[in-house]
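Subject: Structure handover

Hello,

Here is the structure we talked about, with my notes below it. Please have it open while you read.

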Amino acid sequence: MLANDITRDRLRSLAEARVGDAKVLSLFLNLDPREFATPAARSTEVRSLLDRAGRLVREESGRLTHEQKESLRADLEHVAAELDSGAGTKGAHGLAIFASTQAGLFEVLRLSKPIEHDPVISDAPYVAPLSMVGTVESWCVVLVNRRTARLFRGSSDALEELALIDDGVRNRHDQGGWSQANYQRSIDKDVQDHLKHVADVVFARMKRDLPEGVLVGGPSETAGDFESTLHPYLRDRLAGRIDIDVENSSLEDVRKAAAARIEAARAERQDRAVARLAEAFGAKARAATGLSDVLIAVHEQRVETLLVDFGYATPGVVCPQCGWLGGKGFSECQADGTPVERRDDIVEAVIERAITQSADVTVLRDRPELASHGHIAAGLRF
(Lines give C-alpha, C1' and ligand atoms only; values in the text may rest on other atoms or scores of the structure.)
Protein backbone atom coordinates (compact mmCIF):
# COMPACT_ATOMS: atom_id res chain seq x y z
CA MET A 1 0.00 0.00 0.00
CA LEU A 2 1.15 3.53 -0.73
CA ALA A 3 2.62 5.51 2.13
CA ASN A 4 2.19 9.22 2.79
CA ASP A 5 3.68 10.78 5.91
CA ILE A 6 2.51 14.32 5.13
CA THR A 7 0.05 15.64 7.67
CA ARG A 8 -0.99 19.25 8.14
CA ASP A 9 0.60 19.42 11.59
CA ARG A 10 3.87 17.86 10.42
CA LEU A 11 4.03 20.16 7.41
CA ARG A 12 3.47 23.23 9.54
CA SER A 13 6.02 22.05 12.12
CA LEU A 14 8.65 21.70 9.41
CA ALA A 15 7.76 25.04 7.80
CA GLU A 16 8.09 26.78 11.17
CA ALA A 17 11.37 25.09 12.11
CA ARG A 18 14.08 27.59 12.90
CA VAL A 19 17.69 26.43 12.95
CA GLY A 20 19.52 29.61 13.93
CA ASP A 21 22.69 30.12 11.93
CA ALA A 22 22.62 26.57 10.57
CA LYS A 23 21.62 25.55 7.05
CA VAL A 24 19.16 22.80 6.13
CA LEU A 25 19.67 20.40 3.25
CA SER A 26 16.35 19.42 1.63
CA LEU A 27 16.33 16.47 -0.77
CA PHE A 28 13.58 14.85 -2.83
CA LEU A 29 14.03 11.27 -4.06
CA ASN A 30 11.98 9.62 -6.81
CA LEU A 31 11.11 6.00 -5.97
CA ASP A 32 8.35 5.50 -8.53
CA PRO A 33 8.36 1.74 -9.20
CA ARG A 34 7.46 2.34 -12.83
CA GLU A 35 10.87 3.95 -13.27
CA PHE A 36 12.92 2.37 -10.48
CA ALA A 37 11.59 -1.13 -10.01
CA THR A 38 14.93 -2.85 -9.37
CA PRO A 39 17.48 -2.30 -6.57
CA ALA A 40 20.08 -1.34 -9.18
CA ALA A 41 17.83 1.35 -10.67
CA ARG A 42 17.06 2.77 -7.22
CA SER A 43 20.73 2.76 -6.30
CA THR A 44 21.53 4.75 -9.45
CA GLU A 45 18.82 7.31 -8.60
CA VAL A 46 20.10 7.63 -5.03
CA ARG A 47 23.66 8.17 -6.27
CA SER A 48 22.47 10.79 -8.75
CA LEU A 49 20.63 12.66 -5.98
CA LEU A 50 23.65 12.61 -3.68
CA ASP A 51 25.95 13.75 -6.50
CA ARG A 52 23.67 16.71 -7.23
CA ALA A 53 23.49 17.57 -3.54
CA GLY A 54 27.28 17.38 -3.22
CA ARG A 55 27.70 19.63 -6.24
CA LEU A 56 25.28 22.14 -4.69
CA VAL A 57 27.27 22.18 -1.44
CA ARG A 58 30.46 22.92 -3.39
CA GLU A 59 28.79 25.66 -5.43
CA GLU A 60 27.42 27.33 -2.28
CA SER A 61 30.64 26.96 -0.25
CA GLY A 62 31.70 30.56 -0.89
CA ARG A 63 28.62 31.81 0.97
CA LEU A 64 28.84 29.34 3.85
CA THR A 65 30.69 29.48 7.14
CA HIS A 66 33.13 26.72 8.07
CA GLU A 67 30.57 25.27 10.52
CA GLN A 68 27.83 25.27 7.89
CA LYS A 69 30.06 23.51 5.33
CA GLU A 70 31.08 20.84 7.84
CA SER A 71 27.45 20.33 8.83
CA LEU A 72 26.31 19.93 5.22
CA ARG A 73 29.06 17.39 4.53
CA ALA A 74 27.90 15.45 7.58
CA ASP A 75 24.33 15.76 6.31
CA LEU A 76 25.32 14.13 3.02
CA GLU A 77 26.97 11.23 4.85
CA HIS A 78 23.91 10.79 7.08
CA VAL A 79 21.53 10.82 4.10
CA ALA A 80 23.74 8.35 2.19
CA ALA A 81 23.78 5.95 5.14
CA GLU A 82 20.01 6.21 5.56
CA LEU A 83 19.30 5.59 1.89
CA ASP A 84 21.82 2.76 1.64
CA SER A 85 20.02 0.96 4.47
CA GLY A 86 16.72 1.15 2.59
CA ALA A 87 14.90 1.45 5.91
CA GLY A 88 11.54 3.19 6.05
CA THR A 89 10.86 3.23 2.31
CA LYS A 90 8.16 0.53 2.17
CA GLY A 91 5.14 1.71 0.24
CA ALA A 92 6.79 5.00 -0.75
CA HIS A 93 6.88 6.36 -4.29
CA GLY A 94 9.12 9.19 -3.14
CA LEU A 95 11.01 10.56 -0.15
CA ALA A 96 11.50 14.06 1.24
CA ILE A 97 14.58 14.37 3.46
CA PHE A 98 15.45 17.35 5.65
CA ALA A 99 18.87 17.32 7.33
CA SER A 100 20.92 19.71 9.44
CA THR A 101 23.57 18.12 11.65
CA GLN A 102 24.40 21.55 13.05
CA ALA A 103 20.81 22.04 14.23
CA GLY A 104 20.15 18.42 15.20
CA LEU A 105 17.50 17.99 12.50
CA PHE A 106 16.93 14.86 10.43
CA GLU A 107 13.50 13.93 9.08
CA VAL A 108 12.45 11.54 6.32
CA LEU A 109 8.91 11.69 4.94
CA ARG A 110 7.52 8.92 2.76
CA LEU A 111 5.46 10.22 -0.16
CA SER A 112 2.68 8.64 -2.19
CA LYS A 113 3.94 10.50 -5.27
CA PRO A 114 7.47 11.37 -6.38
CA ILE A 115 8.57 15.01 -6.40
CA GLU A 116 10.83 16.25 -9.16
CA HIS A 117 12.89 18.97 -7.50
CA ASP A 118 16.59 19.77 -7.21
CA PRO A 119 18.29 19.69 -3.78
CA VAL A 120 17.94 22.91 -1.77
CA ILE A 121 20.14 24.53 0.87
CA SER A 122 18.18 27.06 2.92
CA ASP A 123 17.59 28.51 6.37
CA ALA A 124 14.69 26.13 7.06
CA PRO A 125 13.26 22.87 5.68
CA TYR A 126 12.08 23.50 2.13
CA VAL A 127 8.51 22.17 2.28
CA ALA A 128 6.75 23.97 -0.60
CA PRO A 129 7.12 21.05 -3.06
CA LEU A 130 5.21 18.81 -0.62
CA SER A 131 2.03 20.74 -1.40
CA MET A 132 2.07 19.00 -4.79
CA VAL A 133 1.54 15.68 -3.01
CA GLY A 134 -0.97 16.95 -0.48
CA THR A 135 -1.59 16.00 3.13
CA VAL A 136 -2.90 12.58 4.04
CA GLU A 137 -6.59 12.54 4.99
CA SER A 138 -7.98 10.06 7.47
CA TRP A 139 -11.30 8.50 6.43
CA CYS A 140 -13.65 6.04 8.12
CA VAL A 141 -15.18 3.21 6.11
CA VAL A 142 -17.91 1.00 7.57
CA LEU A 143 -19.24 -2.09 5.79
CA VAL A 144 -22.42 -3.32 7.44
CA ASN A 145 -25.19 -5.83 6.85
CA ARG A 146 -27.90 -7.30 9.11
CA ARG A 147 -25.46 -9.63 10.85
CA THR A 148 -21.88 -8.37 10.66
CA ALA A 149 -19.86 -5.19 10.19
CA ARG A 150 -16.28 -4.26 9.38
CA LEU A 151 -14.60 -1.00 10.36
CA PHE A 152 -11.68 0.54 8.45
CA ARG A 153 -9.67 3.73 8.79
CA GLY A 154 -7.10 5.30 6.49
CA SER A 155 -6.72 7.16 3.21
CA SER A 156 -7.24 6.56 -0.48
CA ASP A 157 -3.72 5.10 -0.52
CA ALA A 158 -3.92 2.78 2.48
CA LEU A 159 -6.63 1.42 4.77
CA GLU A 160 -6.35 -0.54 8.01
CA GLU A 161 -9.11 -2.87 9.22
CA LEU A 162 -9.79 -1.96 12.84
CA ALA A 163 -12.68 -4.19 13.86
CA LEU A 164 -14.93 -7.07 12.83
CA ILE A 165 -18.30 -7.09 14.57
CA ASP A 166 -20.53 -10.19 14.46
CA ASP A 167 -23.60 -10.01 16.68
CA GLY A 168 -24.96 -13.41 15.62
CA VAL A 169 -28.32 -12.11 14.42
CA ARG A 170 -30.64 -15.01 13.58
CA ASN A 171 -31.90 -15.68 10.06
CA ARG A 172 -35.49 -15.32 8.91
CA HIS A 173 -37.75 -18.40 8.74
CA ASP A 174 -40.91 -19.09 6.76
CA GLN A 175 -43.13 -21.33 8.87
CA GLY A 176 -46.04 -18.89 8.71
CA GLY A 177 -48.64 -17.95 11.28
CA TRP A 178 -48.35 -15.88 14.44
CA SER A 179 -45.10 -17.56 15.42
CA GLN A 180 -43.43 -16.31 12.27
CA ALA A 181 -44.62 -12.73 12.85
CA ASN A 182 -43.40 -12.76 16.45
CA TYR A 183 -40.13 -14.36 15.44
CA GLN A 184 -39.63 -11.79 12.67
CA ARG A 185 -40.22 -8.91 15.07
CA SER A 186 -37.63 -10.43 17.36
CA ILE A 187 -35.14 -10.65 14.49
CA ASP A 188 -35.82 -7.06 13.46
CA LYS A 189 -35.16 -5.97 17.05
CA ASP A 190 -31.89 -7.93 17.01
CA VAL A 191 -30.89 -6.19 13.75
CA GLN A 192 -31.57 -2.75 15.21
CA ASP A 193 -29.56 -3.64 18.31
CA HIS A 194 -26.76 -4.85 16.02
CA LEU A 195 -26.72 -1.58 14.05
CA LYS A 196 -26.73 0.43 17.27
CA HIS A 197 -23.84 -1.67 18.58
CA VAL A 198 -21.86 -1.07 15.38
CA ALA A 199 -22.52 2.69 15.58
CA ASP A 200 -21.31 2.70 19.20
CA VAL A 201 -18.11 0.86 18.27
CA VAL A 202 -17.44 3.23 15.35
CA PHE A 203 -17.88 6.32 17.53
CA ALA A 204 -15.71 4.87 20.30
CA ARG A 205 -12.89 4.27 17.80
CA MET A 206 -13.25 7.62 16.00
CA LYS A 207 -14.22 10.20 18.65
CA ARG A 208 -10.70 11.18 19.71
CA ASP A 209 -9.66 11.97 16.14
CA LEU A 210 -12.68 12.53 13.93
CA PRO A 211 -12.19 11.45 10.31
CA GLU A 212 -12.35 13.69 7.27
CA GLY A 213 -15.36 11.73 6.03
CA VAL A 214 -17.37 8.57 6.59
CA LEU A 215 -18.24 6.06 3.86
CA VAL A 216 -20.77 3.27 4.31
CA GLY A 217 -21.04 0.07 2.28
CA GLY A 218 -23.66 -2.66 2.36
CA PRO A 219 -27.25 -3.39 1.33
CA SER A 220 -29.01 -0.11 0.68
CA GLU A 221 -31.79 -0.48 3.27
CA THR A 222 -29.42 -1.66 6.00
CA ALA A 223 -26.90 1.09 5.19
CA GLY A 224 -29.63 3.71 5.48
CA ASP A 225 -30.80 2.34 8.84
CA PHE A 226 -27.21 2.27 10.08
CA GLU A 227 -26.50 5.85 9.02
CA SER A 228 -29.46 7.04 11.09
CA THR A 229 -27.94 5.44 14.22
CA LEU A 230 -24.54 7.13 13.86
CA HIS A 231 -23.49 9.74 16.39
CA PRO A 232 -24.25 13.25 15.03
CA TYR A 233 -20.51 14.06 14.87
CA LEU A 234 -20.04 11.20 12.39
CA ARG A 235 -23.40 11.60 10.65
CA ASP A 236 -22.34 15.13 9.73
CA ARG A 237 -19.28 13.63 8.01
CA LEU A 238 -21.16 11.13 5.84
CA ALA A 239 -19.70 11.43 2.35
CA GLY A 240 -21.52 8.74 0.41
CA ARG A 241 -21.79 5.00 -0.03
CA ILE A 242 -19.72 2.36 -1.76
CA ASP A 243 -21.09 -0.71 -3.54
CA ILE A 244 -19.19 -3.68 -2.14
CA ASP A 245 -19.69 -7.11 -0.59
CA VAL A 246 -19.55 -6.70 3.18
CA GLU A 247 -18.17 -10.05 4.26
CA ASN A 248 -16.07 -11.35 1.36
CA SER A 249 -14.24 -8.28 0.02
CA SER A 250 -10.47 -8.10 0.53
CA LEU A 251 -8.76 -5.13 2.13
CA GLU A 252 -7.55 -4.02 -1.32
CA ASP A 253 -11.09 -4.32 -2.72
CA VAL A 254 -12.31 -2.00 0.03
CA ARG A 255 -9.46 0.45 -0.51
CA LYS A 256 -10.13 0.70 -4.25
CA ALA A 257 -13.85 1.24 -3.75
CA ALA A 258 -13.23 3.86 -1.07
CA ALA A 259 -10.49 5.59 -3.07
CA ALA A 260 -12.86 6.35 -5.94
CA ARG A 261 -15.33 8.03 -3.58
CA ILE A 262 -12.60 9.86 -1.65
CA GLU A 263 -11.18 11.29 -4.89
CA ALA A 264 -14.68 12.37 -5.92
CA ALA A 265 -15.13 14.07 -2.54
CA ARG A 266 -11.78 15.83 -2.97
CA ALA A 267 -12.84 17.11 -6.42
CA GLU A 268 -16.16 18.30 -4.99
CA ARG A 269 -14.30 20.14 -2.22
CA GLN A 270 -12.08 21.86 -4.77
CA ASP A 271 -15.16 22.84 -6.78
CA ARG A 272 -16.65 24.43 -3.67
CA ALA A 273 -13.39 26.25 -2.90
CA VAL A 274 -13.23 27.74 -6.39
CA ALA A 275 -16.93 28.65 -6.26
CA ARG A 276 -16.52 30.37 -2.87
CA LEU A 277 -13.56 32.28 -4.22
CA ALA A 278 -15.52 33.46 -7.26
CA GLU A 279 -18.44 34.47 -5.05
CA ALA A 280 -16.22 36.38 -2.62
CA PHE A 281 -14.37 38.08 -5.45
CA GLY A 282 -17.61 39.09 -7.16
CA ALA A 283 -18.91 40.57 -3.93
CA LYS A 284 -15.58 42.32 -3.30
CA ALA A 285 -15.41 40.39 -0.03
CA ARG A 286 -12.65 38.37 1.63
CA ALA A 287 -10.62 37.24 -1.38
CA ALA A 288 -7.33 38.08 -3.03
CA THR A 289 -6.57 37.18 -6.63
CA GLY A 290 -3.38 37.56 -8.59
CA LEU A 291 0.14 37.52 -7.20
CA SER A 292 0.27 41.14 -5.99
CA ASP A 293 -2.89 40.91 -3.88
CA VAL A 294 -1.98 37.48 -2.53
CA LEU A 295 1.48 38.71 -1.49
CA ILE A 296 -0.13 41.53 0.48
CA ALA A 297 -2.50 39.09 2.19
CA VAL A 298 0.37 36.74 3.05
CA HIS A 299 2.37 39.60 4.56
CA GLU A 300 -0.67 40.62 6.65
CA GLN A 301 -1.18 36.97 7.73
CA ARG A 302 -4.77 36.92 6.51
CA VAL A 303 -4.64 33.83 4.27
CA GLU A 304 -7.12 31.09 5.20
CA THR A 305 -7.06 29.11 1.95
CA LEU A 306 -4.52 29.32 -0.87
CA LEU A 307 -5.29 28.04 -4.37
CA VAL A 308 -2.42 27.71 -6.84
CA ASP A 309 -2.45 26.60 -10.47
CA PHE A 310 -0.26 23.54 -10.97
CA GLY A 311 3.04 24.56 -12.54
CA TYR A 312 2.58 28.27 -11.88
CA ALA A 313 5.92 29.94 -11.13
CA THR A 314 7.13 33.53 -11.33
CA PRO A 315 10.17 35.49 -10.09
CA GLY A 316 10.06 37.64 -7.00
CA VAL A 317 12.04 38.91 -4.03
CA VAL A 318 12.44 38.14 -0.33
CA CYS A 319 13.60 40.45 2.42
CA PRO A 320 16.43 38.71 4.33
CA GLN A 321 15.64 40.82 7.40
CA CYS A 322 11.89 40.46 7.96
CA GLY A 323 10.85 37.93 5.32
CA TRP A 324 8.67 40.33 3.31
CA LEU A 325 7.74 38.89 -0.11
CA GLY A 326 7.39 40.96 -3.24
CA GLY A 327 7.18 40.76 -7.02
CA LYS A 328 10.15 40.97 -9.33
CA GLY A 329 10.00 44.78 -9.67
CA PHE A 330 11.20 45.57 -6.15
CA SER A 331 14.79 46.30 -5.16
CA GLU A 332 14.20 46.92 -1.45
CA CYS A 333 11.81 45.71 1.24
CA GLN A 334 8.64 47.76 1.41
CA ALA A 335 8.46 47.15 5.18
CA ASP A 336 11.92 48.15 6.38
CA GLY A 337 13.93 49.28 3.33
CA THR A 338 16.40 46.36 3.42
CA PRO A 339 17.87 45.35 0.03
CA VAL A 340 15.99 42.26 -1.11
CA GLU A 341 17.18 38.88 -2.36
CA ARG A 342 15.90 37.64 -5.70
CA ARG A 343 14.09 34.31 -6.11
CA ASP A 344 13.52 32.50 -9.39
CA ASP A 345 10.14 31.36 -8.05
CA ILE A 346 8.36 33.41 -5.41
CA VAL A 347 5.29 31.14 -5.51
CA GLU A 348 7.09 28.47 -3.51
CA ALA A 349 7.84 31.05 -0.80
CA VAL A 350 4.17 32.08 -0.78
CA ILE A 351 3.14 28.45 -0.26
CA GLU A 352 5.58 28.00 2.62
CA ARG A 353 4.41 31.21 4.28
CA ALA A 354 0.76 30.18 3.91
CA ILE A 355 1.53 26.83 5.56
CA THR A 356 3.03 28.60 8.58
CA GLN A 357 -0.24 30.56 8.86
CA SER A 358 -2.21 27.28 9.09
CA ALA A 359 -3.79 27.96 5.72
CA ASP A 360 -5.22 25.18 3.59
CA VAL A 361 -3.03 25.00 0.48
CA THR A 362 -4.44 23.34 -2.63
CA VAL A 363 -2.65 22.95 -5.94
CA LEU A 364 -5.24 22.67 -8.69
CA ARG A 365 -4.98 21.14 -12.14
CA ASP A 366 -6.99 22.03 -15.23
CA ARG A 367 -8.99 24.83 -13.61
CA PRO A 368 -9.42 27.67 -16.14
CA GLU A 369 -11.33 29.65 -13.48
CA LEU A 370 -8.12 30.01 -11.49
CA ALA A 371 -6.09 30.91 -14.57
CA SER A 372 -8.45 33.83 -15.15
CA HIS A 373 -7.57 35.09 -11.65
CA GLY A 374 -3.84 35.14 -12.30
CA HIS A 375 -3.15 31.48 -11.44
CA ILE A 376 -3.12 32.16 -7.71
CA ALA A 377 -5.79 33.26 -5.27
CA ALA A 378 -6.58 33.24 -1.57
CA GLY A 379 -9.60 33.19 0.68
CA LEU A 380 -8.99 35.54 3.61
CA ARG A 381 -9.72 35.33 7.31
CA PHE A 382 -10.67 39.01 7.57
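Predicted model: local features only at pLDDT ≥ 70, side-chain atom pairs only at ≥ 80, totals over all residues.

Helix pair H2 and H3. H2 covers residues 39-60 and H3 covers residues 66-85. Their axes come within 11 Å and cross at roughly 175°. That angle is over the cut-off of 145 degrees, so H2 and H3 are roughly antiparallel to each other. On the H2 side, the contact is made by Val46, Leu50, Ala53, Gly54 and Val57. H3 contributes Leu72, Leu76, Val79, Ala80 and Leu83. By type, the residues of this contact are 9 nonpolar and 1 polar, with no charged ones.

Helix H9. This helix spans residues 346-356 and is mostly covered, with 10 of its 11 residues buried. Among the buried ones are Ile346, Val347, Val350, Ile351 and Ile355. Glu348 and Glu352 are on the buried list too. At the start of H9, a side-chain oxygen of aspartate 345 reaches to within 3.0 Å of the backbone nitrogen of valine 347. Just after the helix, serine 358 has a positive phi of about 60°.

Aromatic pairs. The structure holds 3 of them. One is formed by tryptophan 324 and phenylalanine 330. Its geometry is edge-to-face, at 5.1 Å centre to centre and 90° between the planes. Are the two partners buried or partly exposed? Tryptophan 324 counts as buried, at 10% relative accessibility. Phenylalanine 330 is partly exposed, with a relative accessible area of 31%.

Two loop residues. Serine 155 sits in the loop between strand E6 (148-154) and strand E7 (159-166). Its relative accessible area is 11%, so serine 155 is buried. Setting aside residues up to four places away in sequence, serine 155 touches Val136, Glu137, Arg255 and Ile262.

Threonine 338 lies in the loop between strand E13 (325-327) and strand E14 (341-343). Its side chain makes a polar contact of 2.8 Å with the side chain of aspartate 336. Threonine 338 and glutamine 321 are 17 residues apart along the chain, and their C-alpha atoms are separated by 6.9 Å. Beyond its neighbours within four places in sequence, threonine 338 is in contact with Cys319, Pro320, Gln321, Glu332 and Cys333.

Best wishes

Key:
Residues numbered from 1 in each chain as written. Heavy atoms only, no water. Axes fitted to C-alpha atoms, helices over the stretch in contact; angles between N-to-C directions. Helix = DSSP H or I, 4+ residues; strand = E, 2+ residues; numbered from the N terminus. Parallel < 35°, antiparallel > 145°, perpendicular 65-115°, else oblique. Contact = heavy atoms within 4.5 Å. Nonpolar A, V, L, I, M, F, W, Y, C, P; charged D, E, K, R; others polar. Buried < 20%, exposed > 50% of the residue type's maximum accessible area, 1.4 Å probe, protein only. Polar contact = N/O pair within 3.5 Å; in protein donor to acceptor, adjacent residues only side chain to side chain. Phe/Tyr/Trp six-rings, centres within 6.5 Å; stacked < 30°, edge-to-face > 60°.
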